[in-house]
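Dear colleague,

Please find below the structure that I am handing over to you. My findings follow directly after it, and I would be grateful if you read them alongside the coordinates.

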Amino acid sequence: MRCLRHRLLVLLSFVLPVIVSACKPPPAQFAPPPLPEVTVARPVAKEIERTLEFTATTRGFELVEIRARVKGFLAKRLVNGGGRVSAGDLLFEIDPREYQAAVGQAKAKLASADSQLTIADLTLQRAEDAMRQQAATQQEVDQKKALRDSAKADVDLAKALLQKAELDVEFTRIRAPMDGRIGLVDVDVGELVGAADATLLATIINDSKIYARFEIDERTLLDLRRVFKNKRPGEDGRPELPVRMQLANEIGFPHEGRYDRGANTVDTSTGTLLTDAIFDNPTGTIVPGLFTRLQAVFGTEPAMLVPDVAVMSDQIGRYVLIVGADSKVERRDVEVGQVFDRSRRVNQGVSADDLVIVNGLQRARPGIKVIAKEAESNPAPATSP
């Protein structure tokens, strides 16, 4: 029995280590993380508009100052200002009684002058008849003729005075010379106007069209004149130059206009040429006096475009991340231009075969490998916003 127990203990001493080792878990092995996925797009070569942008100020197509042309007390004010008026609308009325009395006096003087002319004509005729009968001399006839001519001049003078008096009466009723929006009115009924000078009563601006004035620096001006052979748009049958406008609360340049005119000399104090573009404004959206941005279109040119979201910047400059042939991320420094509807022009740094990362940029770092998935479409329109 004692021998049997001994044999069992020896057997267990060999079996138990084997059983224990079989129950231990296998040692842990390192599993690398999955490669990050990114979306890529290829740059697109397209014809784009060649544009220049300027800061401009707007003003009305026409502006007229309404002034008192005769002296008197303001009897009526028929506008409060700020509203629209039509050509011929009565705006103000100055007390006309003094000028109506002057018309009466001028009519009386004209009637008197007409009577004197009638007498002078009859006297001259009698003198001429007497001379034919040798009862009067040529000198007497000449004197009567001079008196007749003087009376005729008095009639002409009386007619001119009457016309002036009637004009003064007409000037007491001040009407709008054109359609437009009238400015604020700062004169009140009973106020004396036109005493020392032609009192400014109001202004009217025709804003059915709007001028946008901007300045072209002399370097740009010389470049443009060389390109267009020293001719301005619209001259000698040349096409008009499209100009677009952007207001402060707008995205893009939604207002379509055209180049209208430019100064004939460069301002020596600023080194710029004053230029006007003109825009239709039927709804009155564009208000005179605004600061705006203009975009002038000078034709088209080839360009390379990438989605604007792909272009990043740091202290070194602008760059994009691309996926190389070995699926590694690379940094490419680029020289960029304008934005065209969410696509950025790249002047230097990428080619049409590059895979530019447009999505997943936060997971992409230069030097790491990624899984690149090409975008279904490449938004790269060729028109400016």
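Which residue in E5 is the bridge partner of Lys 76? In this predicted model, the partner is Glu 93. The pairing concerned is that of strand E3 (residues 72-77) with E5, which is antiparallel and runs over 3 bridges. Both strands belong to an open sheet of 4 strands, ordered E6-E5-E3-E8 and paired in the antiparallel sense. At its edges lie strand E6 (173-175) and strand E8 (192-193), each of which pairs on one side only.

A word on confidence is in order. The average pLDDT of the chain is 86, and 90% of the residues score at least 70. Residues 378-385 have a pLDDT below 50, although this stretch makes 32 contacts in the model beyond near neighbours in sequence. Where pLDDT is low, the predicted coordinates should not be read in detail.

Turning to the nonpolar cores, the largest comprises 21 residues, of which Leu 91, Phe 92, Leu 201 and Ile 204 touch the most other members. Strand E5 (90-94) and strand E9 (200-217) are the elements that give two or more residues to this core. A second, separate core has 20 residues, including Leu 241, Met 245, Leu 273 and Leu 294. In soluble globular proteins, nonpolar side chains tend to be buried together.

The surroundings of Phe 92 may also interest you. Leaving aside residues up to four places away in sequence, Phe 92 touches, among others, Ile 66, Leu 74, Val 79, Ile 174, Val 185, Val 187, Leu 201 and Ala 202. The list also includes Lys 76, Arg 77 and Arg 173.

Gly 183 is found in the loop between strand E7 (180-182) and E8. Is this residue buried or exposed? Gly 183 counts as buried because its relative accessible area is 19%, and the cut-off for burial is under 20%. Beyond residues up to four places away in sequence, Gly 183 touches Gly 81, Gly 82 and Thr 203.

Strand E12 (272-280) is mostly covered, with 7 of its 9 residues buried. E12 pairs with E9 in the antiparallel sense over 9 bridges, and in this pairing Ile 216 stands opposite Leu 273. E12 also pairs with strand E11 (residues 255-262), again in the antiparallel sense, over 5 bridges; here Arg 258 stands opposite Ile 278.

The largest pocket has a volume of about 480 Å³. Its lining consists of 26 residues, and those closest to its centre are Phe 228, Lys 231, Arg 232, Pro 233 and Leu 241. At least two lining residues each are supplied by E9, helix H4 (218-227), E12 and strand E13 (291-307). Which element provides the largest share of this lining? That share, 4 residues, comes from E13.

Finally, strand E17 (residues 335-340) and strand E18 (residues 343-348) pair in the antiparallel sense over 4 bridges. Phe 340 stands opposite Ser 343 in E18. The two strands form a hairpin with 2 residues between them, and Asp 341 in the turn has a positive phi of about 50°.

With kind regards

How values were computed. Residues are numbered from 1 along each chain as its sequence is written. This is a predicted model: local features need pLDDT of at least 70, side-chain atom pairs count only at pLDDT 80 or more; totals for chains, interfaces and linings use all residues. Side-chain values use heavy atoms; hydrogens and water are left out. pLDDT is the predictor's confidence in each residue, from 0 to 100. Contact means heavy atoms within 4.5 Å. Two strands pair if DSSP finds at least two bridges between them. A nonpolar core is a set of buried Ala, Val, Leu, Ile, Met, Phe, Trp, Tyr and Cys residues joined through side-chain atoms within 4.5 Å. Buried means under 20% relative accessible area, exposed over 50%, partly exposed in between (1.4 Å probe, protein chains only). On a 1 Å grid over the protein atoms alone, a cavity is a set of points where a 1.4 Å probe fits but cannot get out, and a pocket is an open set with protein on both sides within 12 Å along at least five of seven lines; lining residues have an atom within 4 Å of a point. Grid points are joined across faces, edges and corners, and a volume is the space filled by probe spheres set on the points.
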